[in-house]
Amino acid sequence: MGEVKLLGAWPSPFVLRARIALNLKSADYEFVQETMNPKSQLLLESNPVYKKIPVLLHNQRPVCESMIIVQYIDDAWPTGPSILPSDPYDRAIARFWAAYIDDKIRLHRSDLVADPNLIRLFPSLQTIARAQGEEARVEAIKQVISEFQLLEEAFEKCSKGKSFFSGDSIGLLDIALGCFLGWIKATEKKTGVKILDPETVPHLVGWAERFCADSAVKEVMPETEKLIAFAKAKFQPPSK
Amino acid sequence: MAKEEVKVFRTWSSPFPLRVIWALKLKGIEHEYCYEDLSNKSPLLLEYNPIHKKVPVLVHNGRPIVESIVILEYIDETWKENPILPEDPYDRAMARFMAKFSDEKCLPAVWLVFTTQGKEQEEAIAPALECLKTLEGWLVGKKYFNGETLGFADIVLAWIANVLGVCEEVMALKMVTEERFPLLCAWIENLSNAPVINTTWPPRDKLLVKYHALREARVGSVGPK
């Protein structure tokens, strides 16, 4: 299949998307830990437009933007299990929700204090952590719950009673959302707020467990404690 | 072959539904339009696109698909004639990258120039020109972003050939000049002459009025904020 390199960093959920996709295809690759500060020559040359990770280098040709990388991996490794569903309508639904998830994150990019490449939480998760006062906190929590309830409904529709958004095995939408589970758990631990609450989003809770336990995921999903330590080192703690 | 229901929810002017229409026309797929007034959205639109409440919506045999780029991929996968995405996985990735760049970087950069004036506008011009420079670079050795024939990336970027010119006229500010971006100018010319594209451009005089009003609403008599 040629030489495969993935330029990335272990805490990044976007890099994780690419890793999971490569694992699903049992593709051999070299993980190149990007220095970020300063950005490596390789990164600047292979992603001159955005200068961001992840970058997939396949036979030295760069592919950028995590969801584009995932779809590329699906196209370029046709013999492995399919990441996208086979039916065009199901593919459209998966792409729609993947775009929805990414939109929610992109909106608040300017809010981020640390390197926006590495830490991109759901904006609402950040809002909870930073909410000043009980009222603001309650509002922020409501926003998160409503976003996840939408995703819970999406899960019920897409999974059609099966284990993952994509059916019996992990696919595009599972990857698009699942990559954030490490950070979601870290945020839950730090803020004490239950986001994946079995009372409000029971299907997502079950899905999250199955996703994290999957063989393509468990070796590469960052550990909660490591993420918390990482965030502590990177972020200013929110003022009390 | 049974007649399929193919409906496109659109407005008279928005460039996003036009993408869908061009793809359908390129493939020779019969379709109907449902015109929307976005200040008074139809119950059907709200039912088909409850989350974003926007156009375009493609309804195919009763099932709605939303978001123009998602719709384009759906169209290409459903109707195989005259493919708009390249076959090679790397070229496909590049086409998708160009599409993302168009909507996430170029459009907002140009929009910022269009909706500001004075110092704010001056500062907005350089990033917009950077975006256009990137596009220029992608056209080296090619007639279209897709290669010899127009495709997915061209369809997504076509707003540059249509809306951008109108905005430039309204602002009396030209960013895409022959001098700066000869390849982009040539591409605009080629695209504008493509039969599928030029028969569906919204009327320029109406667009000028609309965009004039849009700009006035942002920077007009209210003055700088």
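## Order of elements in chain A

In this predicted model, the elements of chain A follow the order β-α-β-α-β-β-α-α-α-α-α-α-α-α from the N terminus. The chain contains 10 helices and 4 strands.

Chain A has 240 residues, and 56% of them count as buried.

## Ser159(A) in helix 6

Ser159(A) belongs to helix 6 of chain A. Its relative accessibility is 4%, and because buried means under 20%, Ser159(A) falls in the buried class.

A polar atom of the Ser159(A) side chain lies 2.7 Å from the backbone oxygen of Phe155(A). With residues up to four places away in sequence set aside, Ser159(A) touches Phe164(A), Phe165(A) and Gly167(A).

## The second largest pocket

The second largest pocket holds about 690 Å³ of space. Its lining comprises 29 residues, of which Tyr89(A), Ile93(A), Trp97(A), Lys157(A) and Cys158(A) are the closest to the centre of the pocket.

The most is given by helix 4 of chain A, with 7 residues.

## Helix 1 of chain B

Helix 1 of chain B spans residues 15-26 and has 12 residues. The distance from its first C-alpha to its last is 16 Å, close to the 16 Å expected at 1.5 Å a residue. Just after this helix, Gly28(B) adopts a positive phi of about 65°.

How many of the 12 residues of helix 1 of chain B are buried? The number is 9, so the helix is largely enclosed by the rest of the structure. The buried residues are Pro15(B), Pro17(B), Leu18(B), Arg19(B), Val20(B), Ile21(B), Trp22(B), Ala23(B) and Leu24(B). An α-helix has 3.6 residues a turn, so residues three or four places apart point the same way. In helix 1 of chain B, the buried residues include the run Pro17(B), Leu18(B), Arg19(B), Val20(B), Ile21(B), Trp22(B), Ala23(B) and Leu24(B).

Definitions and conventions
Residues are numbered from 1 along each chain as its sequence is written. Chains are lettered from A and ligands numbered from 1 in the order in which they are written. This is a predicted model: local features need pLDDT of at least 70, side-chain atom pairs count only at pLDDT 80 or more; totals for chains, interfaces and linings use all residues. Side-chain values use heavy atoms; hydrogens and water are left out. Helices (H or I, at least four residues) and strands (E, at least two) are DSSP runs, numbered from the N terminus. The expected span of a helix is 1.5 Å times one less than its number of residues. Buried means under 20% relative accessible area, exposed over 50%, partly exposed in between (1.4 Å probe, protein chains only). On a 1 Å grid over the protein atoms alone, a cavity is a set of points where a 1.4 Å probe fits but cannot get out, and a pocket is an open set with protein on both sides within 12 Å along at least five of seven lines; lining residues have an atom within 4 Å of a point. Grid points are joined across faces, edges and corners, and a volume is the space filled by probe spheres set on the points. A polar contact is a pair of N or O atoms within 3.5 Å; within protein, one must be able to donate a hydrogen and the other to accept it, and residues adjacent in sequence count only if both atoms are side-chain atoms. Contact means heavy atoms within 4.5 Å.
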